[in-house]
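Hi,

Here is the structure I said I would pass on. Have a look at it first, and my notes on what turned up follow below.

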Amino acid sequence: MTETTKTHVILLACGSFNPITKGHIQMFERARDYLHKTGRFIVIGGIVSPVHDSYGKQGLVSSRHRLIMCQLAVQNSDWIRVDPWECYQDTWQTTCSVLEHHRDLMKRVTGCILSNVNTPSMTPVIGQPQNETPQPIYQNSNVSSKPTAAKILGKVGESLSRICCVRPPVERFTFVDENANLGTVMRYEEIELRILLLCGSDLLESFCIPGLWNEADMEVIVGDFGIVVVPRDAADTDRIMNHSSILRKYKNNIMVVKDDINHPMSVVSSTKSRLALQHGDGHVVDYLSQPVIDYILKSQLYINTSG
């Protein structure tokens with residue numbers, strides 16, 4: 001499989017990030033490494049989306065603080081970015097709504113067609129809406145005004161930057177020669193983009209709790225987008241999936257990261273890090289990056305709370 005036929009992926013993680021831990025960042029890194037090793041995917045960006053203040057979780061500090069801590073946690077990453085859209089809405093947004101927002105934004109600003117995890121699109125014309133009859137968009141009679149590969153790549157790169165993703169390296173995108181005789185429509189080689197929800201096995205397990213998730217939302221999250229799961233504490237993901245009819249139905253849309261790294265819950269758990277802060281536990285450095293710790297101490301967060 002060539003670089004241009006691989007699916008380009010943006011990993012999206014939703015959560016309270018109260019605070020964001022080293023483990024959260026490691027989840028992104030492990031998921032990217034695993035997807036690359038499959039030979040089917042190229043991860044071009046990661047998005048951290050902190051939950052809205054009205055989520056109502058006990059001990060949830062203001063999104064102003066959580067956004068800053070997230071930005072500090074990813075400041076040295078060249079591909080993970082923080083997106084404030086969810087925090088800036090009037091009220092709490094469902095995970096499904098956040099995924100749909102980023103999908104619609106990506107369609108609008110890049111002109112690329114996003115397909116679900118198991119249904120590749122059929123070599124679309126760049127900017128051409130799916131399921132519509134293609135119309136002439138680049139006329140051969142006016143070669144000088146046709147977009148070059150560099151122009152289209154620039155558009156995609158700038159768009160990714162706007163939604164907090166790193167600009168992909170040029171060599172990852174190879175286009176059909178713009179001077180090729182392709183009739184009235186200049187078709188560039190497809191850039192297939194997918195947004196996948198990144199989560200731990202605890203979130204996957206929550207899908208099995210009756211009434212916790214809206215079933216229609218679950219259908220969209222797992223069926224239309226797909227999930228990348230980083231197991232925690234040696235969780236049996238097969239057992240978890242077998243407890244939900246929707247997870248069983250879309251089992252092929254759920255990619256479980258399989259590697260040799262031990263990933264204990266304590267490394268990811270924001271609760272554990274808050275307890276360490278409250279008790280003055282020096283092991284807090286195992287959970288949080290130093291810039292995040294410094295910000296927490298400066299802002300006096302979590303120190304006198306029990307959430």
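A word on burial before anything else: buried means under 20% relative accessible area, exposed means over 50%, and partly exposed is what lies in between, using a 1.4 Å probe and protein chains only. By that rule Trp 92 is partly exposed, at 40% relative accessible area. Across the protein chain, buried residues make up 51% of the 307 residues.

Please keep in mind that this is a predicted model, where local features need pLDDT of at least 70 and side-chain atom pairs count only at pLDDT 80 or more, while totals for chains, interfaces and linings use all residues. Residues are numbered from 1 along each chain as its sequence is written, and side-chain values use heavy atoms, leaving out hydrogens and water.

Now the overall build. The protein chain has 13 helices and six strands; these are DSSP runs numbered from the N terminus, with helices being H or I of at least four residues and strands E of at least two. The six strands form an open sheet in the order β3-β2-β1-β4-β5-β6, with parallel pairing (two strands pair if DSSP finds at least two bridges between them). β3 (80–82) and β6 (254–256) are at the edges with a single partner strand each, so one side of each has no neighbour in the sheet. From one strand to the next, the twist averages 25 degrees. Angles here run from 0 to 180 degrees between N-to-C directions, and axes are lines fitted to C-alpha atoms, for helices over the stretch in contact.

Contact, by the way, means heavy atoms within 4.5 Å. Elsewhere, α2 lies across β2 and β3 and runs at about 150 degrees to β2.

What about the nonpolar cores? Each is a set of buried Ala, Val, Leu, Ile, Met, Phe, Trp, Tyr and Cys residues joined through side-chain atoms within 4.5 Å. The largest has 40 residues, of which Leu 11, Leu 198 and Val 228 touch the most other members. Helix α1 (residues 22–37) gives the most to this core, with five residues. A second, separate core of 31 residues includes Ile 42, Ile 44, Cys 199 and Val 229.

Back to Trp 92 and the aromatic rings. Rings of Phe, Tyr and Trp (its six-membered ring) pair if their centres lie within 6.5 Å; planes under 30 degrees apart are stacked, over 60 edge-to-face, and the rest tilted. The whole structure holds three such aromatic pairs. In one of them, Tyr 55 and Trp 92 are tilted, 6.2 Å centre to centre with 35 degrees between the planes. Tyr 55 is in the loop between β2 (41–50) and α2 (63–73) and Trp 92 in the loop between α3 (85–88) and α4 (95–110), so the pair ties together parts 37 residues apart in sequence. Tyr 55 is partly exposed too, at 44% relative accessibility. Phe 207 and Trp 213 make an edge-to-face pair, 4.5 Å centre to centre with 75 degrees between the planes, and both residues are buried.

Cheers
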